[in-house]
Amino acid sequence: MTRTRPWRKALIALFVAVVAFTGYHAVRTVSDAIYWNAHRDEPIERWMTIGYVAHSYHVPPHVLHQALNLPPMPDRRPLGRIARDSGRSMTQIEAKLMYAIVHARPPYPPPGPPPRPFMRPASSTASPAK
Amino acid sequence: MTDQLLELLTTYGLPALFGAMILAAAGMPFPSSLILIAMGSFVAQGELSFWPVIFAGASGAIVGDQLGYAFGRYGGRPLLAAVTRRIGGADKVEQAEAYSRKWAGWGIFFSRWLIGPLGPWINVTSGLTEYPWVRFIVLDVAGEVLWLLIYVSLGRAFSDQVQTIASLLGNLTWVIVGLLGAGLLGWKLFGRSTEGSDDAA
């Protein structure tokens with residue numbers, strides 16, 4: 001039995017590590033579930049499209065198009081691409097979107113109807129000031 | 001890298017999904033559950049259709065799994081044979097193979113969708129132990145289609161909280177893998193302790 005002792009010790013250490021690992025992920029699972037239930041806003045990421053951000057934050061997409069000075073047409077580019085194409089940083093894009101989102105939600109009045117497609121976006125009210 | 005990959009997926013859609021699933025199934029560390037849930041969300045927003053997503057994703061994953069299997073069978077097996085010829089232990093390998101044949105079926109099926117992180121490993125060990133290919137592919141197709149259906153449907157149902165759902169499922173998967181590992185280790189450690197070793201530990 002003494003020959004197997006080191007093995008047993010190593011296995012016990014491994015067992016403890018696996019239990020700790022499992023516990024850690026169990027706690028994170030619960031915290032995710034709480035987060036999900038509370039329906040908190042997700043951080044904006046590079047891969048998201050304007051459509052997804054609008055969908056996730058429950059604001060009309062045209063508000064976000066206006067915020068980024070994009071024409072009011074469906075735009076399926078991910079935000080990272082929009083940032084590159086327009087020479088802006090992701091932080092700038094995120095800030096503009098967040099500003100528009102906050103101002104499209106209560107206590108602010110609901111945003112107006114979307115502008116007609118192909119109309120140049122006027123320097124509109126939803127466009128954030130610097 | 002995750003960011004760029006997800007950007008490519010949002011830009012190119014189904015062909016990118018197919019390619020990403022091949023690489024993920026072959027063992028590249030891609031956030032494949034986030035990808036599938038995001039795809040489900042795009043389905044909910046009307047940008048993609050449900051069945052083409054399932055088809056492109058599952059076929060990519062199945063192709064990737066065959067790569068892992070082939071690697072184990074045609075790359076790993078000769079290597080293993082060479083090693084056992086030199087240092088012995090062929091009987092141990094045979095024992096492991098018999099064990100693997102007995103349990104591999106369950107492993108293949110469940111590592112497609114319930115314990116996904118083990119998938120790429122099980123592909124290689126299945127090839128390595130010459131698990132019958134026809135049975136491998138039947139279990140593989142069943143498991144991968146189930147995986148796609150579950151994850152894309154969840155993404156579609158909870159389409160506004162993609163990252164939270166992906167994180168939750170990711171953590172839950174690791175809990176299941178962890179419980180499985182702890183159960184196996186615990187059984188090995190304490191299940192035999194009645195045979196006389198000390199319980200004090």
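Tutor: In this predicted model, chain B reads along its sequence as α-α-α-α-α-α-α-α, that is, eight helices and zero strands. Its C-alpha trace spans about 60 × 45 × 30 Å along the principal axes, and 39% of the 201 residues of chain B count as buried. If one takes the contacts within chain B between residues at least 6 apart in sequence, 80% of them join residues at least 24 apart.

One helix pair deserves a detailed description, namely helix H5 (residues 90-113) of chain B and helix H7 (residues 133-157) of chain B, which pack with their axes 7 Å apart and at an angle of about 25°. Because angles under 35 degrees count as roughly parallel, H5(B) and H7(B) are therefore roughly parallel to each other, and the crossing in which H5(B) passes H7(B) is right-handed. From H5(B) the contact draws on Gly105(B), Ile108(B), Phe109(B), Arg112(B) and Trp113(B), while the residues supplied by H7(B) include Phe136(B), Leu139(B), Leu146(B), Trp147(B) and Ile150(B), as well as the charged residues Arg135(B), Asp140(B) and Glu144(B). Sorted by class, this contact of H5(B) with H7(B) has nine nonpolar, two polar and four charged residues.

Turning to the nonpolar cores, the largest has 50 residues, and those that touch the most other members are Leu64(A), Ile35(B), Ile37(B) and Met39(B). Helix H3 (residues 32-44) of chain B gives the largest share of this core, nine residues. For Ile35(B), once neighbours within four places in sequence are left aside, the residues in contact are Leu6(B), Leu9(B), Leu17(B), Ala20(B) and Phe30(B).

As for the partner, the contact between the chains takes 30 residues from chain B and 33 residues from chain A. On the side of chain A that touches chain B, at least two residues each come from helix H1 (5-38), helix H2 (50-57) and helix H4 (79-85) of chain A, with H1(A) providing the largest share, 17 residues. By class, that side of chain A has 15 nonpolar, nine polar and nine charged residues.

Terms used. Residues are numbered from 1 along each chain as its sequence is written. Chains are lettered from A and ligands numbered from 1 in the order in which they are written. This is a predicted model: local features need pLDDT of at least 70, side-chain atom pairs count only at pLDDT 80 or more; totals for chains, interfaces and linings use all residues. A nonpolar core is a set of buried Ala, Val, Leu, Ile, Met, Phe, Trp, Tyr and Cys residues joined through C-beta atoms within 7 Å. A residue is buried if 20 or more other C-beta atoms lie within 10 Å of its own, exposed if 12 or fewer, and partly exposed in between; C-beta atoms are placed from the backbone. Helices (H or I, at least four residues) and strands (E, at least two) are DSSP runs, numbered from the N terminus. Two residues are in contact if their C-beta atoms, placed from the backbone, lie within 7 Å. Axes are lines fitted to C-alpha atoms, for helices over the stretch in contact, and angles run from 0 to 180 degrees between N-to-C directions. Angles under 35 degrees count as roughly parallel, over 145 as roughly antiparallel, 65 to 115 as roughly perpendicular and the rest as oblique. A crossing is left-handed if the near helix is turned anticlockwise from the far one by less than a right angle, and right-handed if clockwise.
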